Amino acid sequence: MALLELDSVHKRFGGLKAVNDVSFAVEEKSIKAVIGPNGAGKTTLFNLIAGSLPSTSGSIVFNGQELNRRKPYQIAGLGIARTFQNIKMFNGMTALENVMVGRHVQSRAGFISSMFRLPRTWQEEKDIYTKAMGLLDFLEIGEYANMEATSLSFGQQRAVELARALALEPTLLLLDEPAAGLNIYETAEVGRLITKIRDLGITVLLVEHDMSLVMDISDEIVVLSFGEKIAEGLPVDIQNNSEVIKVYLGE
Ligand SMILES: Nc1ncnc2c1ncn2[C@@H]1O[C@H](COP(=O)(O)OP(=O)(O)OP(=O)(O)O)[C@@H](O)[C@H]1O
Ligand SMILES: [Mg+2]
């Protein structure tokens, strides 16, 4: 079953067609990758799904519900979490606190009270702590929980980011270039973590430039070029697609 369905999605910035008539579906519990040269419209597509930008036209249906015109926090509430192209750790906070921030948004006392630092119940705080710690353990960085997040390696910071996104208990995770800035060992590790997340039953849509990672972990791949979908299929089909090869060699 498709968890996410895009149908003829368009996004224009002035005269620029950043996303032009893009349609595809993401199967439940799969890893799907969106690839394409710089400026192809990949991040814009994520912004449309997450609600940070409105689509010009077309429909985006998640779990049977139309996402158009919903606010980012409503879309997050429906079960879509994301990480960003550049790592965003909160300064002066430990790895654990960075994850707990993600969880607070979801808690009953909620976002407003975390903004105003209203007291939560002791039990609520304890549950958030236990869940955040469990996520850091799951992503294999539990031993760094009390270290300042910005002092960790980029690979470990990526894992903290993944934990923070998982704290929202998403069914769909959008990852924008999870291997950006990582060395080949860290990239392989992050790939393994993404597979572990999928194995929990979470659907993953990822944008990535690292082709070895994409080919390794994706069930399916969509290729964008200048806002348009030029190919879609299994990794082996994409690797041998002449139009895809042309777009990449022409870069
Ligand atoms: N908020 C915006 N306002 C105006 N133009 C934008 C905006 N966001 C993106 N664009 C333009 O839309 C096009 C697609 O950009 P986008 O960031 O989606 O590409 P991308 O595929 O994520 O590229 P990269 O691989 O470099 O991250 C680019 O031409 C970009 O300049
Ligand atoms: Mg981008």
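G36 counts as buried in this predicted model, because 24 C-beta neighbours lie inside 10 Å of this residue, and a residue is called buried once 20 or more other C-beta atoms fall within that distance. The position of G36 is in the loop between β3 (31-35) and α1. Leaving aside residues up to four places away in sequence, G36 touches K42, V223, L224 and S225. The C-alpha atom of G36 is also separated by 7.9 Å from that of Y248, although the two residues are 212 residues apart along the chain.

G36 belongs as well to the residues around ligand 1, where F13, L16, A18, N38, G39, A40, G41, K42, T43, T44 and Q85 are also found. Two elements, β2 (16-27) and α1 (42-50), each give two or more residues to this shell, and α1 gives the most, with 3 residues.

Strands β9 and β10 form a hairpin with 2 residues between them, and F226 in the turn has a positive phi of about 45°.

| Strands | Residues | Sense | Bridges |
|---|---|---|---|
| β9 and β10 | 220-225 and 228-233 | antiparallel | 5 bridges |
| β6 and β7 | 80-83 and 172-176 | parallel | 4 bridges |

Which way do the residues of β6 point, and are they buried or exposed? I80 and R82 point one way from the strand, whereas A81 and T83 point the other way, and all are buried. In a regular strand the side chains alternate between the two faces of the sheet.

Taken as a whole, the protein has 10 helices and 10 strands, and the C-alpha trace spans about 55 × 40 × 35 Å along its principal axes. For 251 residues, a compact globule would have a radius of gyration near 18 Å, and the protein agrees with this because its own value is 18 Å. Buried residues, G36 being one of them, make up 41% of the 251 residues. Of the contacts between residues at least 6 apart in sequence, 66% join residues at least 24 apart.

Conventions
Residues are numbered from 1 along each chain as its sequence is written. Chains are lettered from A and ligands numbered from 1 in the order in which they are written. This is a predicted model: local features need pLDDT of at least 70, side-chain atom pairs count only at pLDDT 80 or more; totals for chains, interfaces and linings use all residues. A residue is near a molecule or strand if its C-beta atom, placed from the backbone, lies within 6 Å of it. Two strands pair if DSSP finds at least two bridges between them. A residue is buried if 20 or more other C-beta atoms lie within 10 Å of its own, exposed if 12 or fewer, and partly exposed in between; C-beta atoms are placed from the backbone. The radius of gyration is taken over C-alpha atoms; the globule rule is 2.2 Å times the number of residues to the power 0.38. Two residues are in contact if their C-beta atoms, placed from the backbone, lie within 7 Å.
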